[in-house]
Number of protein chains: 2
Amino acid sequence: MILDKVQNPDDLKKLSIEEMNTLADEMRGLIIKKVNTTGGHMGPNLGILEATIAYHYVFNSPKDQIVFDVSHQCYPHKILTGRKEGFTDPDKYLKYTGYTAPEESEHDLFKVGHTSTAASLACGLAKARDLKGETYNVSAIVGDGSLSGGEALEGLDNAAALKSNIIIFINDNDMSIAENHGGLYENLKLLRDTEGKAECNFFKSLGFEYFYVKEGNNIEKLVETFKQVKDTKCPTVVHLNTQKGHGLKVAEENREAFHWILPGTLDKTGNVPVECPESYTSVTLDYILNKAKEDKTFIAVNAATPGVFGFSPDFRTKLGKQYTDVGIAEEHAVAYSSALAKGGAKPLLALMSSFVQRTYDQLSQDLCLNNSPITMLIYWGGISGQDCTHLCIFDIPLISNIPNMVYLAPTNKEEYLAMLEYAYKQNEHPVAIRVPNVELDSTGVKDDTDYSVLNKFKVVEQGDKVAIIGLGNFFNLAKNVKEEIKKRFGIDATLINPRFITGVDKELLENLKSTHKVVITLEDGVIDGGFGEKVTRFYGNSDMKVLNYGAEKEFTDRVPAEELYKRYHLTPELIAEDIKNLL
Amino acid sequence: MILDKVQNPDDLKKLSIEEMNTLADEMRGLIIKKVNTTGGHMGPNLGILEATIAYHYVFNSPKDQIVFDVSHQCYPHKILTGRKEGFTDPDKYLKYTGYTAPEESEHDLFKVGHTSTAASLACGLAKARDLKGETYNVSAIVGDGSLSGGEALEGLDNAAALKSNIIIFINDNDMSIAENHGGLYENLKLLRDTEGKAECNFFKSLGFEYFYVKEGNNIEKLVETFKQVKDTKCPTVVHLNTQKGHGLKVAEENREAFHWILPGTLDKTGNVPVECPESYTSVTLDYILNKAKEDKTFIAVNAATPGVFGFSPDFRTKLGKQYTDVGIAEEHAVAYSSALAKGGAKPLLALMSSFVQRTYDQLSQDLCLNNSPITMLIYWGGISGQDCTHLCIFDIPLISNIPNMVYLAPTNKEEYLAMLEYAYKQNEHPVAIRVPNVELDSTGVKDDTDYSVLNKFKVVEQGDKVAIIGLGNFFNLAKNVKEEIKKRFGIDATLINPRFITGVDKELLENLKSTHKVVITLEDGVIDGGFGEKVTRFYGNSDMKVLNYGAEKEFTDRVPAEELYKRYHLTPELIAEDIKNLL
């Protein structure tokens with residue numbers, strides 16, 4: 001194999017174009033096999049393979065610096081920069097992260113997993129180089145989908161004004177995770193259609209020098225252009241027309257499905273319809289479709305991650321005009337939804353916990369200050385074994401400390417549906433719901449709670465001495481803690497489902513004082529700034545002992561959830577042990 | 001006066017162009033007089049006066065809807081929509097806010113005070129209109145300075161793809177608060193220079209229909225173009241070449257100084273040099289200039305609000321290459337600074353508390369996850385009588401719950417300088433400093449604390465029974481509370497200066513248990529998710545009584561600080577009263 005000769009980018013420089021083509025084939029095979037085994041980003045990495053080889057052939061990493069946007073297109077880069085064992089040796093498939101990671105290699109500059117950051121980051125690297133009086137190339141590689149994010153646009157605007165060497169490679173495979181949305185994409189299409197010759201050019205309008213590579217998966221052509229732009233003295237865009245999933249037919253033809261795949265996807269034959277059990281996802285899809293039918297102003301909004309919510313192409317087609325994917329543009333998604341409500345429509349905005357981070361000020365100013373009655377669904381919130389860039393534990397502090405917001409945490413299907421209906425009907429507040437990130441639970445009994453009476457906690461089982469407040473995902477943990485306490489101490493603890501994240505039920509908490517000594521709060525997220533601390537604050541001037549459980553304030557990286565539960569004492573046994581001395 | 005005949009926009013429609021020109025002169029006089037009396041945004045409002053008259057002449061507000069970006073250019077709009085008494089009657093000068101406010105008028109759609117939001121908001125209004133099957137015009141008016149913000153760019157990208165009526169008026173006065181920064185502004189210049197005819201057109205590249213008005217302060221010309229675009233069926237940009245401060249010579253010539261002015265600015269004659277006492281601002285300016293001299297990689301960064309930090313044109317010139325104003329682009333500012341540090345430079349990023357809200361995800365992902373050692377200065381943090389859109393009370397929950405961040409709160413000049421030096425020298429963490437928003441205090445004794453030992457609180461005076469932890473701005477309040485407690489209860493309370501916002505000093509708090517019954521925390525910001533709750537959580541399983549003081553979670557609107565201090569019990573007397581029963 002040619003790859004045997006390549007330990008680092010310098011080795012590439014000895015290869016001929018033909019050898020590099022062979023190398024690309026070898027790498028493609030490795031990536032396909034590895035990703036099909038472990039799961040991961042298939043389409044983006046196959047699309048950028050040749051450009052990565054060409055980059056490392058022409059430029060001199062790590063002296064020349066390159067920043068990967070999202071960095072989910074860095075697998076070929078990892079193979080070429082000393083980490084090929086992560087692709088050749090199945091035992092080491094999980095040794096390296098799926099994103100760039102400076103602790104793995106000097107060829108990686110940043111940990112990146114959220115989109116639209118590379119132009120800004122490259123800008124800083126380039127300016128630092130200039131301040132130091134040095135002269136190397138600083139590049140960013142940005143997917144077309146990432147271009148619609150505010151940070152990317154701010155970054156490009158500033159990069160264009162840098163008056164110095166900075167090269168932005170646009171990896172244009174005509175696709176975000178799903179299809180692209182936004183006027184900008186018409187311009188990319190025009191540029192592709194005219195082979196980069198159209199005068200009306202988004203990048204030129206910002207002031208970039210502009211180069212177009214028609215065959216973005218052709219190493220020879222790529223090398224030719226890269227040589228032209230290397231050592232440029234001015235901000236330059238190189239627009240690469242690449243093919244998502246290049247070289248894997250099924251990925252080329254199913255670009256959305258093969259953006260990121262589960263293990264074993266390629267081994268399945270045919271389209272076996274899967275019987276899915278009812279889940280919070282399926283309940284939500286049914287709710288949306290029904291509501292859209294009965295109310296023509298009802299509209300579902302999301303920001304480029306329809307798959308997270310199960311918004312399939314078929315589902316989107318059914319919704320028609322009552323569906324907006326704003327592209328990667330979470331800030332716009334929130335402001336847009338606020339204004340939809342102000343304009344008399346009924347928006348439901350779905351966001352993933354990790355990505356709601358991209359829009360704090362819009363939540364505060366565009367939405368909450370204006371008290372626009374939207375429904376916002378937050379998915380995937382909770383402790384998991386995720387990569388450090390996709391932790392979903394910060395949404396509670398982020399959302400719940402903004403005035404006017406009502407943030408709810410259902411614990412079963414009926415509560416969830418009642419909350420959705422409340423959010424839809426009311427006109428008082430923005431209402432966010434943390435969609436449970438656990439298996440669906442159903443009581444079978446309709447929930448007729450009036451959620452417009454804010455911050456009313458629900459006592460599920462009245463007991464004494466100890467009260468356990470189990471928020472959302474962790475209500476089941478609360479039940480288990482109750483059992484453990486019964487078993488170990490013979491105490492019938494009170495079990496509380498708070499339902500509201502954004503405030504405490506002062507009356508209920510006050511009443512607990514007379515018959516309880518200890519209150520435990522459980523939340524599936526970081527404790528700092530979260531729900532439990534509000535309960536503790538309430539009891540600050542009293543004799544009540546309060547213990548808050550949740551995640552510690554830290555970035556964890558692919559640490560299994562089970563291990564984190566132990567670390568954070570999120571098991572009935574460890575919690576019982578903690579309170580032993582307080583009883 | 002013509003204005004006597006104008007109660008609402010309908011009355012405008014009966015006027016001739018000549019009468020409207022006279023009306024503009026009348027309104028200009030009123031705005032100048034009022035703003036010079038109360039302080040406020042002078043330049044932006046004088047620049048947009050004629051366009052506002054033309055808008056209301058051609059369009060039918062409130063059926064036709066218009067969203068003002070930032071809304072600090074809405075004074076003429078207020079005069080024409082039933083609120084002229086706020087400009088004609090000095091007794092009512094303060095009756096209306098300086099921003100759009102739906103509770104004041106049906107002609108105002110949103111409360112807006114942060115920039116770059118109007119395109120997104122208009123997009124939502126337009127889509128709501130389409131869902132309802134109605135047909136009115138939806139417009140946004142966006143200043144050129146606001147265009148560089150990510151939310152604006154996301155909004156424009158989406159607006160351009162709307163396939164329906166939406167009109168974006170670009171109020172291009174070739175000026176942000178200070179000068180503009182970014183490649184986009186070269187394109188605006190090209191468009192102005194070619195009277196809108198250049199093929200390379202940022203707005204067209206996004207897919208907008210494009211109109212240019214050369215004389216943006218000429219009502220007749222404006223009316224002409226506005227009539228052309230009214231009822232358009234497709235996304236349209238109308239690029240208005242206006243003059244900031246139009247009609248007031250001193251404002252036309254001093255565009256930055258007259259963007260927003262203090263009361264009485266026009267009454268001063270000549271340039272009387274003012275002798276300014278030493279302040280945290282002046283100390284910071286000296287620090288930056290000195291550091292920039294001794295380290296060529298030291299660089300000061302800000303996002304379009306140099307005036308907030310006292311970064312005068314002269315100061316900026318002195319820094320030269322070691323200064324970056326990224327324009328209104330806070331997300332980019334954070335990512336850029338993180339990468340500057342990664343690239344080996346020493347960035348100091350200055351942001352105002354209210355505007356750091358615009359960049360949570362970049363703080364988390366680009367900065368803290370990568371642990372880039374930057375210095376970040378947060379200005380104006382604290383409770384004030386500000387407008388609801390510019391409250392500076394949310395930065396502590398926002399910043400301090402992000403892992404890896406070190407957020408510091410100095411209480412005097414020497415601490416501040418020591419913290420600056422620590423932040424500069426260390427390579428471990430992003431370090432944010434909450435620049436005190438109070439008069440400068442100086443001990444005269446160099447602070448030699450080693451701040452790399454994180455979360456060490458300082459006992460300033462050792463006492464017993466009661467411990468008062470006074471954070472940053474509120475350290476003086478803590479001193480006063482101590483005195484009050486001495487006076488009323490004869491207790492020598494312990495006085496603590498925590499200095500660190502991002503964590504608690506567990507050892508010190510533990511030690512307090514043996515000799516103290518009550519701990520009081522004081523922070524100049526919202527309590528929810530803030531500093532005090534962390535202290536309370538620490539004591540949750542103990543007998544210590546803890547009371548947290550700070551702002552309640554609410555948006556207040558121009559409520560005087562004194563009144564808020566009473567509301568939140570932030571006076572020595574009210575606090576002493578609160579703890580009476582706990583002693």
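Me: In what order do the six strands of the open sheet in chain A come?
Reply: The order is β9-β8-β10-β11-β13-β12, and the pairing is parallel. Strands here are DSSP runs of E, at least two residues long, numbered from the N terminus, and two strands pair if DSSP finds at least two bridges between them.

Me: Where did the model come from?
Reply: It is a predicted model, in which local features need pLDDT of at least 70, side-chain atom pairs count only at pLDDT 80 or more, and totals for chains, interfaces and linings use all residues. Residues are numbered from 1 along each chain as its sequence is written, while chains are lettered from A and ligands numbered from 1 in the order written.

Me: New topic: how many residues does each chain give to the contact between A and B?
Reply: Chain B gives 92 residues and chain A gives 92 residues; contact means C-beta atoms, placed from the backbone, within 7 Å.

Me: Which helix of chain B gives the most to that side?
Reply: Helix α6 (residues 118-132) of chain B, with 10 residues. A helix is a DSSP run of H or I, at least four residues long.

Me: How is chain A divided?
Reply: Into domain 1 (2-254), domain 2 (280-434) and domain 3 (458-582), with bounds from an automatic or database domain assignment. The C-alpha centres of domain 1 and domain 3 of chain A lie 47 Å apart.

Conventions: Two residues are in contact if their C-beta atoms, placed from the backbone, lie within 7 Å.
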